[in-house]
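Visitor: I would like to go through this model with you. Could you put it up, please?
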Amino acid sequence: MTHSLYVARLTLTDFRNHAALDLVLDARPVCLFGPNGAGKTNIIEALTMLAPGRGLRSASLVEVARGGGQDRAQPWAVSARVVQDGEETILGAGAERTPEGGIKRLARRNGMPATAAELAEAARMTWLTPAMDRLWSGPAGDRRRFFDRLTLARAAEHGQSAAAYERAMRERQRLLSDRVFDAAWLGGLEREMSAHGAAVAAARVETLHRLQDAIDARPTGAFPKAILALDGSLEARFERGAKSADVEEEFAELLRDMRGRDAGAGRALDGPHRSDLKARHAAKDMDADQCSTGEQKALLLGLCLAQARALADDPGAGASLILIDEAAAHLDSVRRAALFDELLANPGQAWLTGTDEGLFEAFGERAQMFEVRDGCVHIRS
Ligand SMILES: Nc1ncnc2c1ncn2[C@@H]1O[C@H](COP(=O)(O)OP(=O)(O)O)[C@@H](O)[C@H]1O
Ligand SMILES: [Mg+2]
């Protein structure tokens with residue numbers, strides 16, 4: 001099996017508890033093991049800093065700096081040599097001091113300033129953490145953000161649409177809260193909201209279909225199949241085949257009609273910022289939030305594997321890394337072995353953490369093992 005995307009070298013400088021970490025890697029799965037608090041999750045988090053957003057802990061630039069931001073302007077850096085279809089790219093993320101003594105985000109591709117979207121395209125990734133075990137039963141916002149990340153990995157422009165939508169929404173809300181009922185001003189913002197909101201919803205619907213196709217094509221095995229649905233008014237219109245121009249117009253009209261109610265509520269009561277992702281356990285015909293913790297986790301793993309498949313099959317995307325923090329935690333040895341086999345079949349490298357080396361035994365020589373202790377890493381094989 002040739003891996004068409006892998007991290008060949010990862011260096012961390014003053015990131016969390018890692019003063020200077022330098023990992024030289026081949027394409028095989030990377031297993032990080034060691035005691036609690038050693039810095040395993042921090043390494044996975046460092047990789048996710050190369051993706052759009054704030055990484056797997058949604059941390060600020062200051063929080064992740066070694067020492068946790070006692071010195072408010074401490075620089076840090078994550079650098080990865082990524083090999084995609086034989087071609088090398090050096091990606092960098094971090095924070096650097098400004099002349100004013102502040103701190104600003106850095107993103108680099110081959111030494112040149114890069115946009116988040118450019119980094120994203122050079123290293124697509126999907127991650128799962130123990131905090132996401134409650135994804136199906138937790139707040140809708142977490143599921144929406146999770147789904148937006150899946151969409152971003154496929155369509156980098158999704159981030160800009162979502163940001164532009166949020167900006168227009170916030171400005172409209174400010175006017176409404178200040179009782180500035182300026183029809184032209186509000187109308188302009190609502191047209192922006194509807195244009196960007198429709199783009200957000202359309203991209204999500206597209207992601208949903210691709211993901212569902214990939215799930216349906218999966219073998220029935222260790223990881224159950226989910227039936228996904230998006231719960232949102234604009235998404236529902238697209239699902240019923242509406243044209244974008246019509247969805248936009250209807251939404252702009254709705255926003256106009258809702259000014260009074262939104263002013264009273266202190267927020268826009270309808271729109272893609274309120275959408276939710278629904279999942280059913282197909283074989284059990286049961287909503288995901290009603291399934292056992294283990295089943296919920298298995299559904300999520302199935303979904304991640306399907307996402308990687310969907311990206312790999314998408315000519316506009318490609319291979320993606322799969323990062324699983326505490327990978328083995330809720331899995332019996334049969335499921336664990338099945339997960340490893342699926343990860344080996346993915347054209348992107350896998351990154352896994354666990355407390356004990358033995359959890360990764362089923363990989364044998366097919367993975368590279370690293371022991372993490374107090375922010376240092378020791379090569380095991
Ligand atoms: N900004 C920071 N600077 C220094 N150490 C940090 C910072 N943030 C977290 N840590 C430390 O990192 C350790 C946790 O690392 P983590 O990767 O979560 O461990 P684990 O190996 O259990 O996954 C803790 O000891 C924590 O105090
Ligand atoms: Mg951890």
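Guide: Helix H9 (residues 293-313) lies across E8 and E12 and runs at about 175° to E8. Helices (H or I, at least four residues) and strands (E, at least two) are DSSP runs numbered from the N terminus. Angles run from 0 to 180 degrees between N-to-C directions, with axes as lines fitted to C-alpha atoms, for helices over the stretch in contact. This is a predicted model, in which local features need pLDDT of at least 70, side-chain atom pairs count only at pLDDT 80 or more, and totals for chains, interfaces and linings use all residues. Residues are numbered from 1 along each chain as its sequence is written, chains are lettered from A and ligands numbered from 1 in the order in which they are written, and side-chain values use heavy atoms, with hydrogens and water left out.

Visitor: In what order do the strands of the sheet with E8 and E12 run?
Guide: The order is E8-E12-E13-E3-E14-E15, an open sheet of six strands with mixed pairing. Two strands pair if DSSP finds at least two bridges between them. Strand E8 (125-128) and strand E15 (376-379) are the edge strands, each pairing on one side only. On average, neighbouring strands of this sheet are turned by 20° against each other, direction ignored.

Visitor: And E12 with E13, parallel or antiparallel?
Guide: Parallel: strand E12 (residues 321-324) and strand E13 (residues 350-354) pair over three bridges. Ile322 has Ala350 in E13 as its bridge partner.

Visitor: Now the ligand. Which residues come nearest to ligand 1?
Guide: Of the 17 residues around ligand 1, those are Gly37, Lys40, Thr41, Asn42 and Arg57. A residue is near if one of its heavy atoms lies within 4 Å.

Visitor: What does Lys40 contribute?
Guide: A polar side-chain atom of Lys40 lies 2.8 Å from an oxygen atom of ligand 1. Backbone atoms take part too: a polar one of Gly39 is 2.9 Å from an oxygen atom of the ligand, and a polar one of Arg16 is 3.2 Å from a nitrogen atom. A polar contact is a pair of N or O atoms within 3.5 Å.

Visitor: How much of ligand 1 does the protein bury?
Guide: The protein buries 70% of the 580 Å² that ligand 1 exposes when taken alone. Accessible areas come from the Shrake-Rupley method with a 1.4 Å probe.

Visitor: Back to sheets: what is the order of the three-strand one?
Guide: The open sheet is ordered E9-E10-E11, with antiparallel pairing. Six bridges join E9 to strand E10 (residues 276-281), and Leu228 has Ala279 in E10 as its bridge partner.

Conventions
Contact = heavy atoms within 4.5 Å. Polar contact = N/O pair within 3.5 Å; in protein donor to acceptor, adjacent residues only side chain to side chain.
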